[in-house]
Each structure stands twice: as C-alpha cells, then as structure tokens.
Amino acid sequence: MEQILNKLSEIEITARRIMEDADRTKAALSAEAEQHCKAFDAELEQDTNKKIEELRSSLEEKKNTELESLRQSMETALRELDVYYSQNQEKLSEELFHKLLEG
C-alpha cells in the first residue's frame, strides 16, 4: 500500500510540475502576444500618421494651386474690366447721366 501511496505522491508532484510549467508557458506566450500587439499598434499608428501627413500635404498643394488659379482669373477679369472701362468710359458716362435725368 505504501508503494501505491508513494507512486500517487510522485504522480501528484509530476502533475503539479506539469501545471506549473504550463502556467509559465502560458504567461510567456501571453507576454509575447502582448508585445506583438503593441508592436502592431505602434506600426499601425506610424502608418496612419504618415498617410495623414501625405493627405495634408496633397490637400495643401491642391489648395495652393486652386488659389493661384483663382488669383490669376481675378486679375484677368480686372484687367478686362479696366480695358472695357477705358474703351467705353464716355459711352457709359452718357448712359448713366441720361438714366439719372430720366429717374
């Protein structure tokens, strides 16, 4: 009977060691998985920030291009108005004068 008890005790000790080893392995795998998650999150954040910066840069460039185009269109329109006014100043003044007299 004592041999059986000794064997059961050995089995219990072995089972406890196996469970302790499994707990250590589980903790190590958990720590490794957490490190992988942190590394993935950091890489994802870096990629996201890079894409945001690229979008900002692209939008800034488009804005500048459109503003320059609008500025040039406005300058062209103002020049055309100046030319029209200088060519038709007398006629416009007469029309305005007649309208004032009528009204």
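The structure is a predicted model, in which local features need pLDDT of at least 70 and side-chain atom pairs count only at pLDDT 80 or more, while totals for chains, interfaces and linings use all residues. Residues are numbered from 1 along each chain as its sequence is written, and side-chain values use heavy atoms, with hydrogens and water left out. The chain holds one helix and zero strands, where helices (H or I, at least four residues) and strands (E, at least two) are DSSP runs numbered from the N terminus.

**Overall form**

- The helix, α1, covers residues 2–102, and Met1 lies in the segment before α1.
- The radius of gyration of the chain is 42 Å, whereas a compact globule of 103 residues would have one near 13 Å; the value is taken over C-alpha atoms, and the globule rule is 2.2 Å times the number of residues to the power 0.38.
- Taken along the principal axes, the box filled by the C-alpha atoms is roughly 135 × 30 × 10 Å.
- Within the chain, Glu45 and Ala33 are 12 residues apart, and their C-alpha atoms are separated by 18 Å.

**Surface and burial**

- Buried residues account for 1% of the 103 residues, where buried means under 20% relative accessible area, exposed over 50%, and partly exposed in between (1.4 Å probe, protein chains only).
- The accessible surface comes to about 10000 Å², and 57% of that surface belongs to carbon and sulfur atoms; such areas come from the Shrake-Rupley method with a 1.4 Å probe, and for residues only the protein chains shown count as cover.
- A nonpolar patch on the surface is formed by Met1, Ile4, Leu5, Leu8 and Ile11, which together have about 570 Å² of accessible area.
- Patches are made of residues with over 30% relative accessible area and no salt bridge, like charges being joined within 9 Å and nonpolar side chains (Val, Leu, Ile, Met, Phe, Trp, Tyr) within 5 Å.
- Met1 counts as exposed because its relative accessibility is 74%, and Glu45, which is found in helix α1, counts as exposed at 52%.

**Charges and salt bridges**

- The chain carries 15 positive and 25 negative side chains, and the centres of the two sets lie 5 Å apart.
- In this count Lys and Arg are positive and Asp and Glu negative, with His and the chain ends not counted, and the place of a charge is taken as NZ of Lys, CZ of Arg, CG of Asp or CD of Glu.
- Seven salt bridges are found in a search of the whole structure, each being a side-chain nitrogen of Lys or Arg within 4 Å of a carboxyl oxygen of Asp or Glu.
- Arg16 and Glu12 form a salt bridge at 3.7 Å, N to O; because these residues are four apart in helix α1, about one helical turn separates them, and Arg16 is partly exposed at 43% relative accessibility.
- Arg24 and Asp21 also meet in a salt bridge, at 3.7 Å, N to O, and both lie in helix α1, three residues apart; Arg24 is exposed at 52% relative accessible area, whereas Asp21 is partly exposed at 41%.
- Lys63 and Glu60 pair at 3.1 Å, N to O, again three residues apart in helix α1, about one turn of the helix; Lys63 is partly exposed at 39% relative accessibility, and Glu60 is partly exposed at 39%.
- A network of salt bridges links Glu68, Arg71 and Glu75.
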